[in-house]
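Hello,

Here is the structure I said I would pass on to you. Please open it first, then read the notes below it.

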Amino acid sequence: MANNTIKNAFMAAVLTAVIVMPVFGLQLIRQGAQTHLESRWDLVALAAAVVFVFQLLRPWLAVPFRRLKTSVPVLPAAPTKGRKWIFVLLIAAAVIWPFFSGRSSVDIATLVLIYVMLGLGLNIVVGFAGLLDLGFVGFYAVGAYTYALLYHWAGWGFWEALPFSGAMAALFGFLLGFPVLRLRGDYLAIVTLGFGEIIRLLLINLNFFTGGPDGISGIPKPTVFGFEMARRPSEEGTQTFHQLMGWTFDNQHMVNYLYLMALALALVTLFVSTRLIRMPVGRAWEALREDEIACRSLGLNPTRIKLSAFTLGAMFAGFGGAFFAARQGMVNPESFTFIESALILAIVVLGGMGSQVGVILAAILLTVLPEVAREFAEYRMLMFGLVMVLMMMWRPQGLLPMKRPHVELDK
């Protein structure tokens with residue numbers, strides 16, 4: 001046993017040295033007009049030594065972490081009356097909070113709510129239907145560009161374009177469902193990954209229609225009952241919302257308004273997805289996730305179930321994309337890379353697949369923590385990967401997994 005531990009530790013140290021060498025061990029140093037290669041063997045040796053010691057001590061270090069498998073709470077299947085009141089109080093606190101907070105904090109909270117929408121949408125596809133989707137950002141991009149193009153070519157406002165953004169993303173989700181009806185697991189993931197990249201490349205190459213790599217700018221912010229929240233109206237003879245109310249213009253008002261809009265959209269997404277999973281379609285998603293053959297034997301149609309999951313999940317991504325375009329004021333293809341899909345999927349996995357409260361908690365953690373630790377921004381992905389590895393080792397079911405009802409038969 002001891003020999004195997006030493007052997008595994010040595011192999012892990014060698015692999016670490018091989019991986020760390022090109023990243024940290026070799027650095028290009030430019031001095032004047034000359035550039036030379038500098039070797040940092042000390043960093044490579046340090047990384048290998050740390051991994052070697054960690055692997056040696058891993059059996060003892062794992063002991064306190066084993067409690068995480070049982071000590072972290074598990075959410076009950078059905079909410080109680082007390083939890084409903086807690087939920088109402090949390091909503092009230094979330095509505096009041098931006099009026100007593102700074103602009104940067106509200107901006108971060110708005111970004112969190114966007115990822116909550118996306119996480120809840122992907123949770124339908126991955127968490128409930130069990131369909132691994134690595135191209136979810138493609139639906140996000142479709143929703144954002146639908147609003148941007150409707151404004152650019154037809155002059156539509158946000159509220160007019162919002163339902164069309166969701167409908168267009170849902171249409172793309174429905175069309176994506178057909179090629180993947182017979183695919184499972186890794187093959188399904190590869191096809192959806194290709195779909196997300198195809199969407200991004202189309203946005204880059206359709207220069208005349210989408211603006212190419214530069215994207216589309218000047219997208220207006222949402223209005224309040226048709227009144228702009230701006231210092232002065234864009235058209236003569238009209239009033240802004242501040243002029244109508246007799247208020248002094250303040251940029252914080254628009255920041256708070258965007259936050260409240262994001263909160264409303266996130267709550268609608270949460271409410272609709274919660275109702276869906278309690279309906280027959282939600283039970284069908286869970287049956288498909290557990291066993292497709294058994295699902296088919298029960299008389300359910302896997303084709304319709306998969307299409308419904310892709311369509312509804314994509315619709316919520318489309319709504320989030322439209323709001324993202326309105327918040328940013330511009331869209332370009334670089335906002336919809338694969339790393340966004342990976343982040344959204346990580347939110348679902350980290351929170352607990354099928355757990356909506358867990359997805360919300362994971363969205364908060366993965367969005368807020370990088371903003372707080374800005375001094376470690378260059379190591380963000382390294383820390384992100386380390387956290388995911390540790391989660392898969394000691395808490396694979398997620399932070400707050402959903403406890404589903406089950407029946408035990410006495411022998």
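**Charges on the surface and inside**

Lys 84 has a relative accessibility of 51%, and because over 50% is the cut-off for exposed, Lys 84 counts as exposed. Please keep in mind that this is a predicted model. Lys 84 sits in helix H4, which covers residues 81-96. On the surface, Lys 84 belongs to a patch of positive charge, together with Arg 275, Arg 278 and Arg 283.

In general, side chains of opposite charge can pair when their charged atoms come close. How many salt bridges does the structure hold? The number is four.

One of the salt bridges is between Glu 197 and Arg 200, with 2.9 Å between the closest N and O atoms. Both residues are in helix H8, and they are three residues apart, which is about one turn of the helix. Is Arg 200 buried or exposed? Arg 200 is buried, because its relative accessible area is 17% and the cut-off for buried is under 20%. Glu 197, at 25% relative accessibility, counts as partly exposed.

Glu 292 takes part in salt bridges with two partners, Arg 296 and Lys 306. In the bridge to Arg 296, the closest N and O atoms are 3.6 Å apart. In the bridge from Glu 292 to Lys 306, the closest N and O atoms are 3.7 Å apart. This pair links distant parts of the chain: Glu 292 is in helix H13, Lys 306 is in helix H14 (residues 302-328), and the two are 14 residues apart. Through their shared partners, the salt bridges join Glu 292, Arg 296 and Lys 306 into one network. Glu 292 has a relative accessible area of 13% and is therefore buried. Lys 306 is buried too, at 2% relative accessibility.

**Aromatic rings**

How many aromatic pairs does a search of the whole structure find? The search finds 13. One of them is formed by Tyr 140 and Phe 336: the ring centres are 5.4 Å apart and the planes are at 85 degrees, so the pair is edge-to-face, for which the cut-off is over 60 degrees. This pair links distant parts of the chain, as its members are 196 residues apart. Tyr 140 is in helix H6 (residues 137-154), while Phe 336 is in the loop between strand S4 (330-331) and helix H15 (338-351). Tyr 140 has a relative accessible area of 3% and is buried. Phe 336 also counts as buried, at 2%.

Another edge-to-face pair is formed by Phe 158 and Trp 159, with 5.1 Å from centre to centre and 75 degrees between the planes. Phe 158 is buried, with a relative accessible area of 3%, whereas Trp 159 is partly exposed at 44%.

Which residues do ring pairs link into a cluster? They are Tyr 140, Tyr 145, Phe 324 and Phe 336.

Phe 208 lies in helix H9. With a relative accessibility of 72%, Phe 208 counts as exposed.

**A contact across the sequence**

Val 106 is part of helix H5, residues 103-128. The relative accessible area of Val 106 is 0%, so this residue is buried. How far apart are Val 106 and Tyr 259 in sequence and in space? They are 153 residues apart in sequence and 6.7 Å apart in space, taken from C-alpha to C-alpha.

Best wishes

How values were computed
Residues are numbered from 1 along each chain as its sequence is written. This is a predicted model: local features need pLDDT of at least 70, side-chain atom pairs count only at pLDDT 80 or more; totals for chains, interfaces and linings use all residues. Side-chain values use heavy atoms; hydrogens and water are left out. Helices (H or I, at least four residues) and strands (E, at least two) are DSSP runs, numbered from the N terminus. Buried means under 20% relative accessible area, exposed over 50%, partly exposed in between (1.4 Å probe, protein chains only). Rings of Phe, Tyr and Trp (its six-membered ring) pair if their centres lie within 6.5 Å; planes under 30 degrees apart count as stacked, over 60 as edge-to-face and the rest as tilted. Patches are made of residues with over 30% relative accessible area and no salt bridge: like charges are joined within 9 Å, nonpolar side chains (Val, Leu, Ile, Met, Phe, Trp, Tyr) within 5 Å. Accessible areas come from the Shrake-Rupley method with a 1.4 Å probe; for residues, only the protein chains shown count as cover. A salt bridge is a side-chain nitrogen of Lys or Arg within 4 Å of a carboxyl oxygen of Asp or Glu. Lys and Arg count as positive and Asp and Glu as negative; His and the chain ends are not counted. The place of a charge is taken as NZ of Lys, CZ of Arg, CG of Asp or CD of Glu.
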